[in-house]
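Hi everyone, thanks for coming. Have a look at it first, and then we'll talk.

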Amino acid sequence: MQQESQQQPQFQSYQQNGPQFNHGTHELFDLHEVLAGQINVLDQFMLFRTFIQDQKLISILDRQYNFMLAHYNITCESFRTGQKPFQETATYLIPNMTQPVYGMHPAPPKKPNQSLADIKDAGISAHMLGLIKSHASLLAMATPEVTNPVVRRVLASQIQNFVEMAYEIFLYQNQHGYYQVPQLAAPFMEQMLGAYTPATGSPQMPGYNGGKSFH
């Protein structure tokens, strides 16, 4: 018995001291991906600005760029220190929000640009929307596995903000006819809306089986 116990693997703890080390290995890689992704979005927004013609789209880009840059700095600081950042996270608000336009109207088919002269606001805004949506997904995937409580809350607070920024770009595209929103006919709409109903009463949950296998 003594010989068997000696052959058992010995597990050691590598707990580091200090809040700046309060990170798991998987979390470190995720945060590198998140921060690199934020830099990518910021850099591409800077490039997009040189091609935009509509002043309203420039205003959206500038507002979102400044908001993302501030939150990049907050994320970077909290990640490096493991502590509450000096600046509080903010909430992104869409100014003068309007209702989306529903329905379809004829539009020319799309195709790849043949030269830089073909770059238009429709394509730029589509690229902006794709970047914001992708980073929102990355934040949502990474946040639940972040062990540092400060960094986790900093990332979590940004998810809704990226959702709002994506919706703002969608509204811009929708108002200019770049992103049309078709609807089902009324009978099919009613059928879809009525496909689910709230649960009523108290569910009868099964009792605990003591960990017994059903096999």
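This is a predicted model: local features need pLDDT of at least 70, side-chain atom pairs count only at pLDDT 80 or more; totals for chains, interfaces and linings use all residues.

Residues are numbered from 1 along each chain as its sequence is written, and side-chain values use heavy atoms, with hydrogens and water left out.

Okay, the overall picture. The protein has 6 helices and 0 strands; helices here are DSSP runs of H or I with at least four residues, strands are E runs of at least two, and both are numbered from the N terminus. Of its 215 residues, 31% are buried. The accessible surface is about 15,300 Å², and carbon and sulfur atoms hold 58% of that; those areas come from the Shrake-Rupley method with a 1.4 Å probe, and for residues only the protein chains shown count as cover. As for contacts, meaning heavy atoms within 4.5 Å, look at the ones between residues at least 6 apart in sequence: 80% of them join residues at least 24 apart.

Let's zoom in on helix α4, residues 121-142. Its 22 residues reach 32 Å from the first C-alpha to the last, close to the 32 Å expected at 1.5 Å a residue; the expected span is 1.5 Å times one less than the number of residues. Its buried residues include Met128, Leu129, Ile132 and His135. What covers the buried residues of α4? The cover includes α2 (25-49), α3 (55-81) and α5.

Why does His135 count as buried? Because its relative accessibility is 3%. Leaving aside neighbours within four places in sequence, His135 is in contact with Val34, Gly37, Gln38, Val41 and Phe162. Val34, Gly37, Gln38 and Val41 are themselves among the buried residues of α2. And α2 has 25 residues that should span 36 Å at 1.5 Å a residue, which agrees with the 37 Å between its end C-alpha atoms.

Next, the largest nonpolar core, which has 37 residues. By nonpolar core I mean a set of buried Ala, Val, Leu, Ile, Met, Phe, Trp, Tyr and Cys residues joined through side-chain atoms within 4.5 Å. Which members touch the most others? They are Phe45, Met68, Met128 and Ile132. The elements giving two or more residues to this core are α2, α3, α4 and α5.

Over in helix α5, residues 149-175, you'll find Phe170. Phe170 counts as buried because its relative accessibility is 14%. Phe170 and Leu129 are 41 residues apart along the chain, yet their C-alpha atoms are separated by 7.0 Å. Beyond residues up to four places away, Phe170 touches Pro100, Leu129, Tyr179 and Val181.

Last stop, helix α6, residues 186-193, which holds Met192. Is Met192 buried or exposed? Met192 is exposed, with a relative accessible area of 58%. Thanks, that's my tour.

Technical notes: Buried means under 20% relative accessible area, exposed over 50%, partly exposed in between (1.4 Å probe, protein chains only).
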